[in-house]
Each structure stands twice: as structure tokens, then as C-alpha cells.
Amino acid sequence: MSPPSERIENSAIAEEIRACTKCECSKYTTQRVPGIGPKDAKIVAIARNPGATEDKVGAPLVGKAGDLFNKIVQWMGHSRDSIGILNVTGCFTPENRPPTEGEIISCFPFFQGQLDWFEQKKVVLAFGREAIQSQIGPVRRLKEVVNVLRKPAYETPTYGVIPMWHPSFLLRNDAEFDDFRKEGSLVVKEAVGKALSNGLPWSLDVQGELFS
Ligand code: SF4
């Protein structure tokens with residue numbers, strides 16, 4: 001069991017990310033944003049890249065989207081502090097544009113290094129296109145993979161992957177947020193519970209109260 005104080009934000013890889021200047025976008029950042037979370041995290045969340053609030057605060061998934069993320073995590077019976085959270089790339093991008101393929105490739109050793117650092121993960125919550133594609137490869141229509149988990153389609157040998165809408169997307173899209181409240185949230189909660197208690201493969205029987 002890892003000591004409780006061992007967190008990725010205090011690790012050598014986090015220091016390397018904070019000092020990185022490999023991409024142009026490092027010129028526009030207030031600070032690079034490494035992941036956060038304890039070494040023994042069983043759940044790891046992946047998002048795209050730091051937005052304006054993350055760039056100011058220096059942590060991933062904060063601000064309004066972070067508040068919704070925290071609420072979803074609490075609703076599933078977990079706390080933000082117990083979860084690993086990282087981005088596909090470590091820098092804010094001008095006008096919050098998606099990171100380019102070149103930036104994703106440049107940052108990939110940091111991304112994979114951080115993901116690997118969480119050695120005990122059993123389930124990955126992949127939020128949005130870049131995060132989902134980092135785990136399951138190219139996806140044409142996200143809707144075809146988000147929350148579609150009744151068959152064990154997204155499993156690695158050691159952890160399962162749950163493709164999800166990014167919380168900031170849910171906040172901007174009432175219809176998708178409504179679908180998430182009514183069904184997606186139940187699928188996710190069930191899948192996380194199964195992955196943590198029984199391991200893989202998943203076989204879901206979704207039921208329960210609605211996320212509100
Ligand atoms: S995006 Fe990643 S590789 Fe590029 S400068 Fe930022 S931390 Fe370095």
C-alpha cells in the first residue's frame with residue numbers, strides 16, 4: 001500500500017511538466033498543469049487540456065466543469081481527493097482551442113507517464129474526444145461510444161475505460177445533460193462499481209436513482 005502522502009502533483013514527472021517548453025503553447029500558459037491524485041487511486045479521470053481556470057489555478061478539472069465533475073464523483077460514492085486526474089496535454093491553448101496533433105504527440109510521454117504512474121487504477125473515466133481517443137483510438141462520432149457500456153468493449157488487460165462527455169460539454173448541451181441524468185449517469189455508476197468490486201469484464205444491469 002502506498003503512503004497516503006504520495007501524490008502525483010509532488011512527483012518528478014510533475015516537476016518535468018512544470019518546466020516543459022516543448023510546444024509553442026507553453027508561451028501562452030500561466031503555468032503548465034500536471035495531474036493530481038494519490039498513487040493508490042483506483043479511478044483515474046482524463047480530460048483534454050487546461051482551460052483558463054485550470055491555467056490560473058494549476059490543477060486539472062476545476063471551475064464550473066470541475067464542480068460538475070466533483071458532483072458526479074460524489075454521486076458515485078467517491079471523493080475528488082481519491083481520484084487521479086490528468087489532461088492529455090499540459091498547457092492552456094490560445095482561445096481554448098483543442099490541442100493540435102503535434103501538441104498531443106509532444107505531450108504524449110508526459111500523458112502516458114502520468115497514466116502509468118497510477119499503477120493500481122481499475123477504471124479510467126475519459127472525458128471528451130481527446131481523452132477518449134487516447135484510450136480507444138480514433139472515433140468518428142463520439143455519441144456512438146459515450147456511455148455505451150453494456151458490452152465489455154473498452155477494456156485493457158488491467159483496467160476498463162468509460163468514455164464520457166466532458167463536463168463542460170454537458171453544461172453547454174441541455175439535451176445531452178438530460179440524457180446523462182436519466183441514463184448515462186447510471187451506466188457510469190454501475191460500470192465504476194463493477195470495475196472496482198469485481199474487476200473485468202463488465203456486465204451491466206443498470207438501475208438506480210437519477211443523478212440530479
Ligand atoms: S503541451 Fe505538454 S509538451 Fe507541450 S509545452 Fe505543454 S507540457 Fe510541454
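Two residues are taken to be in contact if their C-beta atoms, placed from the backbone, lie within 7 Å. Axes are lines fitted to C-alpha atoms, for helices over the stretch in contact, and angles run from 0 to 180 degrees between N-to-C directions. Helices (H or I, at least four residues) and strands (E, at least two) are DSSP runs, numbered from the N terminus. The structure is a predicted model, in which local features need pLDDT of at least 70 and side-chain atom pairs count only at pLDDT 80 or more, while totals for chains, interfaces and linings use all residues. Residues are numbered from 1 along each chain as its sequence is written.

The protein contains seven helices and four strands. Their order from the N terminus on is α-β-α-α-β-α-β-α-β-α-α. Among the contacts with a separation of 6 or more, 72% join residues 24 or more positions apart.

The four strands make an open sheet with parallel pairing, in the order β2-β1-β3-β4; two strands count as paired if DSSP finds at least two bridges between them. From one strand to the next, the twist averages 20°. In general, strands of a sheet pair through backbone hydrogen bonds. Four bridges link β1 (residues 43-47) to β3 (residues 123-127) in the parallel sense, and Ala45 has Leu125 as its bridge partner in β3.

Helix α7 (residues 174-197) packs on this sheet, where it touches β1, β3 and β4, and its direction makes about 165° with that of β4. Helix α5 (residues 129-136) also lies across β1, β3 and β4, and runs at about 140° to β3. A residue is termed buried if 20 or more other C-beta atoms lie within 10 Å of its own, exposed if 12 or fewer do, and partly exposed in between, with C-beta atoms placed from the backbone. In α5, the buried residues are Glu130, Ala131 and Ile132, and they pack against β1, α4, β3 and β4. Gly137, with a positive phi near 85°, follows the helix.

Of the 212 residues in the protein, 43% are buried. A nonpolar core is a set of buried Ala, Val, Leu, Ile, Met, Phe, Trp, Tyr and Cys residues joined through C-beta atoms within 7 Å. The largest such core has 46 residues, and Val44, Ala45, Ile46, Val124, Ala126 and Ile162 have the most contacts inside it. When residues up to four places away in sequence are not counted, Val44 touches Ile83, Gly84, Leu115, Phe118, Lys121 and Val124.

Two loop residues other than glycine have a positive phi. For Leu61 the value is about 50°, and this residue belongs to the loop between α2 (52-57) and α3 (63-75). Leu61 counts as buried because it has 30 C-beta neighbours inside 10 Å. For Asn96 phi is near 60°, and the residue is placed in the loop between β2 and α4. With 13 C-beta neighbours inside 10 Å, Asn96 counts as partly exposed.

Around the ligand there are 15 residues, of which Cys20, Cys23, Gly90, Cys91 and Cys107 come nearest; a residue is near a molecule if its C-beta atom, placed from the backbone, lies within 6 Å of it. Helix α4 (residues 101-117) gives the most to this shell, with four residues. The shell comprises seven nonpolar, five polar and three charged residues, where Ala, Val, Leu, Ile, Met, Phe, Trp, Tyr, Cys and Pro count as nonpolar, Asp, Glu, Lys and Arg as charged, and the others, Gly among them, as polar.
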